[in-house]
Amino acid sequence: MSRLDWEEIHHLIETQKFFVLHAPRQTGKTTTLLAMADVLNQSGDYTALYINVESAQSARGMCQKA
């Protein structure tokens with residue numbers, strides 16, 4: 001969490017804005033998101049949920065356009 005501007009991210013969450021966490025592979029994105037979810041859940045103001053949809057990418061090629 002020390003690498004983030006938590007005040008800015010918290011402001012975006014409070015104002016219901018979207019944000020993107022973008023970084024190269026193996027730089028701690030998942031760990032950061034899980035830590036953010038913990039902080040938000042412990043605050044009692046939010047219920048944060050982490051969902052990994054990476055495996056759905058393989059289904060993308062199975063769908064055919066009508």
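This is a predicted model: local features need pLDDT of at least 70, side-chain atom pairs count only at pLDDT 80 or more; totals for chains, interfaces and linings use all residues.

Biologist: What about its phi?
Modeller: Phi of Q26 is near 55 degrees, which is a positive value in a residue that is not glycine. Q16 has a phi near 55 degrees as well, again positive and again in a residue other than glycine.

Biologist: Where is the place of Q16, then?
Modeller: Q16 also sits in the loop between α1 and α2, and it is the residue with positive phi that follows α1. With a relative accessible area of 72%, Q16 is exposed.

Biologist: Let me step back. How many helices and strands are there in the chain?
Modeller: The chain has 3 helices and 0 strands, so reading from the N terminus the order of elements is simply α-α-α.

Biologist: Which element has the highest mean pLDDT, and which the lowest?
Modeller: Helix α2, residues 29-43, has the highest mean pLDDT at 94, whereas helix α3, residues 57-60, has the lowest at 77. For the chain, the average pLDDT is 87, and 89% of the residues score at least 70.

Biologist: Okay, α2 then. How many residues does α2 have, and how far does it reach?
Modeller: It has 15 residues, and from its first C-alpha to its last α2 reaches 21 Å, close to the 21 Å expected at 1.5 Å a residue.

Biologist: Which residues of α2 are buried?
Modeller: The buried residues of α2 are T32, M36, A37 and L40. They are on the same side of α2, because the arc they cover around the axis is only 135 degrees.

Biologist: Why would residues three or four places apart point the same way?
Modeller: An α-helix has 3.6 residues a turn, so residues spaced three or four places apart point the same way.

Biologist: And which residues are exposed on the other side of α2?
Modeller: On that other side of α2, T31 and Q42 are exposed.

Biologist: What covers the buried residues of α2?
Modeller: The cover includes α1, which runs over 6-14, and in turn the cover over the buried residues of α1 includes α2.

Biologist: Which are the buried residues of α1?
Modeller: In α1 the buried residues are I9, L12 and I13. These cover an arc of only 100 degrees around the axis, which puts them on the same side of α1.

Biologist: Back to T32 for a second, what is its relative accessible area?
Modeller: The relative accessible area of T32 is 13%, so this residue counts as buried. A polar atom of the T32 side chain also lies 2.7 Å from the backbone oxygen of G28.

Biologist: And what is α2 followed by?
Modeller: α2 is followed by G44, whose phi is positive and near 80 degrees.

Biologist: Last one, how much of the chain do buried residues make up?
Modeller: Buried residues make up 11% of the 66 residues in the chain. The accessible surface of the chain comes to about 6,100 Å², with 53% of it belonging to carbon and sulfur atoms.

Definitions and conventions: Residues are numbered from 1 along each chain as its sequence is written. Side-chain values use heavy atoms; hydrogens and water are left out. pLDDT is the predictor's confidence in each residue, from 0 to 100. Helices (H or I, at least four residues) and strands (E, at least two) are DSSP runs, numbered from the N terminus. Buried means under 20% relative accessible area, exposed over 50%, partly exposed in between (1.4 Å probe, protein chains only). A polar contact is a pair of N or O atoms within 3.5 Å; within protein, one must be able to donate a hydrogen and the other to accept it, and residues adjacent in sequence count only if both atoms are side-chain atoms. The expected span of a helix is 1.5 Å times one less than its number of residues. The arc is that of the directions from the helix axis to the C-beta atoms. Contact means heavy atoms within 4.5 Å. Accessible areas come from the Shrake-Rupley method with a 1.4 Å probe; for residues, only the protein chains shown count as cover.
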